[in-house]
Amino acid sequence: MNILFCATVDIHIRSFHLPLINDLKKDGNSIDLVSNGNDEFEDISNKFNIPFSRNPLSFSNILAYFEIKKILKENSYDVISTHTPIASFIIRLAAKKFKLRNNGKVVLINGVGLANQKYKISIDKSRKRHELGLLDTDFIMLSVGELSKRKNHMFVLECVKDKLQSNKNMKYVICGTGPLENELKQYIDNNDLKDNVVLLGYRNDIQEIMLSADIFIFPSIQEGLTVSVIEAMIAGLPILASNIRGNNDLVVSNENGYLFELDNKESFLHKFDMILKSNLDDISKNNILKSKIYSYEMLKNSFLDIYR
């Protein structure tokens, strides 16, 4: 069977779909890929670099539409597997002839299927903290995500400002880059938080950093199924997250973390205090156990059945 995978950028495929693509190839399928980037993939027969843009109004997406139309005309595919919002929308427009198979059905699968084994690493926690400029005695709150309005890091800073100023061993660490970086730095400087807030920028050692932290904070305004939260669960981090779709599918208050009402400072501080008073070891164990249902090994057969 000839399958066309589609995603906005190469990194999405590399991060989430390589185990499935590998198993599909072992099943005798041929897989092509359309995405933005020049990465090479061992199990991909043909890679098409398409100028998708995450900005839905970008002219590049019009060019992407016509390039995909050409690819579909020149190749014969039995299945199109679409991922990420922009790329999925464009390819659905371009591939109008593709319909649900006869007697087809919609199947619910818990996430993209993370390869949990690659996250199960052993580190020297003290050494990692020192590498990041942190102390063994620090209480580390970690957030991971683009520095953007949607990820809502500024809200957390505004909520915990007083706690950070009064407790030099409480640290808020943020991994990510984005358009609000300068604004966040300005807020940190203006409020004398330079010793308590660490902006680490883009990192390729997220799991090591997670294993060095004490809790994970995910304050997003909008999300799908939040992979960062699942990664934090695999690491055994207690989670404090906004009560939105995606987050509330993963976090059960008083079980593996706490949910606070979106942009509600009083709610955030109340749940923050609750998580500090909780048995963090028990929450950690609950998260490690709960994360297994989102692993690729658990979901593998459900995925493959769809393509067969």
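Ile 3 has Ile 31 in β2 as its bridge partner. The two strands involved, β1 (residues 2-9) and β2 (residues 30-36), pair in the parallel sense over 6 bridges; pairing here requires that DSSP finds at least two bridges between two strands. Strands (E, at least two residues) and helices (H or I, at least four) are DSSP runs, numbered from the N terminus. Keep in mind that this is a predicted model, in which local features need pLDDT of at least 70, side-chain atom pairs count only at pLDDT 80 or more, and totals for chains, interfaces and linings use all residues. Residues are numbered from 1 along each chain as its sequence is written, and side-chain values use heavy atoms, leaving out hydrogens and water.

Now widen the view. β1 and β2 belong to an open sheet of 4 strands, ordered β3-β2-β1-β4 with parallel pairing. At its edges lie β3 (46-49) and β4 (79-82), each pairing on one side only. Helix α2 (residues 18-26) packs on this sheet, touching β1 and β2 (contact means heavy atoms within 4.5 Å). The direction of α2 makes about 170° with that of β1, where axes are lines fitted to C-alpha atoms, for helices over the stretch in contact, and angles run from 0 to 180 degrees between N-to-C directions.

Next comes an open sheet of 6 strands, also with parallel pairing, in the order β7-β6-β5-β8-β9-β10. Its edge strands are β7 (197-201) and β10 (257-260). Within this sheet, 6 bridges join β5 (residues 139-144) to β6 (residues 170-175), and Leu 142 stands opposite Val 173 in β6. Helix α11 (residues 265-277) packs on the sheet, touching β5, β6, β8, β9 and β10.
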